[in-house]
Amino acid sequence: MVPPGKKPAGETSNSNKKCKRYFNEHWKEEFTWLEFDYERKLMFCIECRQALVKNKHGKAENAFTVGTDNFQRHALLRHVTSGAHRQALAVNREQLAFETRVHGHPELRSVIKVEVNPAKVAVLTTVYWMAKEEIPDEKCSSLLNFQKFNLCQALLASEHSEYYHPGSVREMQAAIAKVLHNEDRHRIKASPFIGLVVDETVDVLEHRSLAMFTTTVSPCNGQTSTTFLGSFELPTGEASSVAGKVGEVMRSFGIPTMKLTWLSADSASPVAERLSGVGTALTSLCPLLTEVHCLSHGTSLLLAESISTIEYLQKYETTVDAVYRLYSSFQGEGDSLQELRRVLDLCEIDLGSPRAIHWTSIFPAVEAIDSSWPTLVLLLESEAERSPVARGLCEELKKFQFVAFTKILLDVLPIFQKLSRFFQIEDFDLSILKPIVSATATTLQAQQSTSGQNLREFLSEMDKHLQDGREGESRLYYKGVELANCSQVHLKHFEHLKESYLERVRGNLLDRFPSSVLEAISSFSAIFNPKCYPQSLEDIGSYGVSELNFLLQVYSRVVVSERALSDFPLFKRIVFSLSQLSFKDLCVKLVYSSSEMHELFPDFAVLAAIALALPLGSVLAEKMSRGRELLKRGRSRHAKAEGLSDLMKIAIDGPAISEFNFALAIEYYESMRESGFIMAQVK
């Protein structure tokens, strides 16, 4: 028997192969670009044959332009996600748009037709590679000459247009970025829901910039993508200017308000409070929006700015800052002081930057201060007579409160470090988010009364060196050093400081993960994570009902609650049988538009798409980190934010050179340069 929808082997099979495969007519419904030649028994791609985009070798052929008898659905999926197919789609779209623009002006067709020759591609590939490798623009001329010296035939054999010279690097970058952004717009248009990440930074010159990323979901295969939309300079102002810029960028990229389901507004600057207004402004426009802390951006879980209002913290950070500046370049033999320099290298701390360094949130820095404390005290004492600065630092380091607060930081910072590591896992188990945040808050609360291990050990070690002093006071020694300010008044003041600090840190954590957000994420995990389901099929009857009702209420605009509740019993039984799948795997299976589960459970497919759009994972974390580094290093070389944003786009999102559509970039670039001439012709 021949399966329905398939042709007999004699007609459309690859019968010359050991394992016969057949062309399936249903594939044409799924892949609208697919064409089948019944006489030659070959499959073709209409889009690729129409575009005939040349690759880096100057060839326009691929398996689907010359014809293939590889009758496998996997081959079609591979082709639809290939760079060649994406290039063909882009070229055909641009050609259609161009024909619309010049309708009635046939004389213009020959004017702006792009001639893709190897020399032009060679120049653009050089500019592209420079952006990917963060090579300064001014090196373009020397790199082109170097390639000529190495007998690069593309640059030697033919003359390229006068437009292609090193002085036009910025324009070439803009054309390349335009190609990438066009792909972004198509990705956004296809995605059923979108997550938005807003990351505000302030450079050394106090320039405020807004880096924006999106997370999208492809209905073709259910896979997620993280995209850098750009870096946008902000005017001086409050949250309204940030919210206004976010709205402007959303309109520019065609992000519908009904599609925006997640917003993460983070900041690595002291302006974090301003970003809180962005969520408020967008929530009134985006009915499905939930504001979350960016789970991938773990470094800001403990925001130093939010606790800097505690008076002693500023004094502590000033003291630590002075120690690092004084001894980080110390050339002595002690390993403990060399550790200070290693911390600066490890954490990439620039002491020359005018920006304040929040030492109380950098665990390795605090750890180094603690381990080198006895050596630091001895060195400062030896220099105290001839240096007022050393004398002042010595007095501060010997205070009970300084040492004790260092121990508190050693107890608190590893908790957040561990929490951050969880969020860096690519396939993070969302079911543990609520318990881990709750456990962290409980631990911080417990430390207010019982103290952490490091503080307890410090207090215990001091007890062994307790001596009675004059006027009814006590002398406390630690590692052979007498501590200052150890009166009952000082000890009571420290207890108040400890409680205030721990309560502020705990409050900050709960503010970052409000109960409503934790409930939503926990509910998604309960429904879509097979590993959370009961072990026995008999126990799944009432499982997940309350969590599903919560999600149906939150997303009532895009789901049919009655249908979802009716489908839930069967859905649970199927998920129970798919226990080997992860949360993400199940969601991908549901979102994939041609899957049976997508058709059987449309409301769960909608909820799964929303879950996949959640800004999460190591890819997003890496792109955000790369963006900040590029902004930090690139601001000094780029006067205009637009030029820097284009360069960042290429560096962050640009694919491998072999996968990029340089033909389209050349068309964009030459259209930009000839726009004045074209307008003159139209007139």
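Are phenylalanine 601 and phenylalanine 604 buried or exposed? Both phenylalanine 601 and phenylalanine 604 are buried, where buried means under 20% relative accessible area, exposed over 50% and partly exposed in between, with a 1.4 Å probe and protein chains only.

A quick word on the ground rules. This is a predicted model, where local features need pLDDT of at least 70, side-chain atom pairs count only at pLDDT 80 or more, and totals for chains, interfaces and linings use all residues. Residues are numbered from 1 along each chain as its sequence is written, and side-chain values use heavy atoms, leaving out hydrogens and water.

Zooming out, 49% of the chain's 683 residues are buried. The chain has 32 helices and ten strands; these are DSSP runs (helices H or I, at least four residues; strands E, at least two), numbered from the N terminus.

Now for the rings. The whole structure holds 31 aromatic pairs. Rings of Phe, Tyr and Trp (its six-membered ring) pair if their centres lie within 6.5 Å; planes under 30 degrees apart count as stacked, over 60 as edge-to-face and the rest as tilted. Here are two of those pairs:

| Pair | Centres apart | Planes | Type |
|---|---|---|---|
| tryptophan 33 and phenylalanine 64 | 5.9 Å | 80° | edge-to-face |
| phenylalanine 601 and phenylalanine 604 | 6.2 Å | 90° | edge-to-face |

Tryptophan 33 sits in the loop between α2 (27-30) and β1 (34-37), while phenylalanine 64 belongs to helix α4 (residues 63-66), so this pair links distant parts of the chain, 31 residues apart. Tryptophan 33 and phenylalanine 64 are both buried.

As for Phe601 and Phe604, ring pairs link them into a cluster with Trp262, Phe524, Phe528, Tyr555, Phe568 and Phe571.
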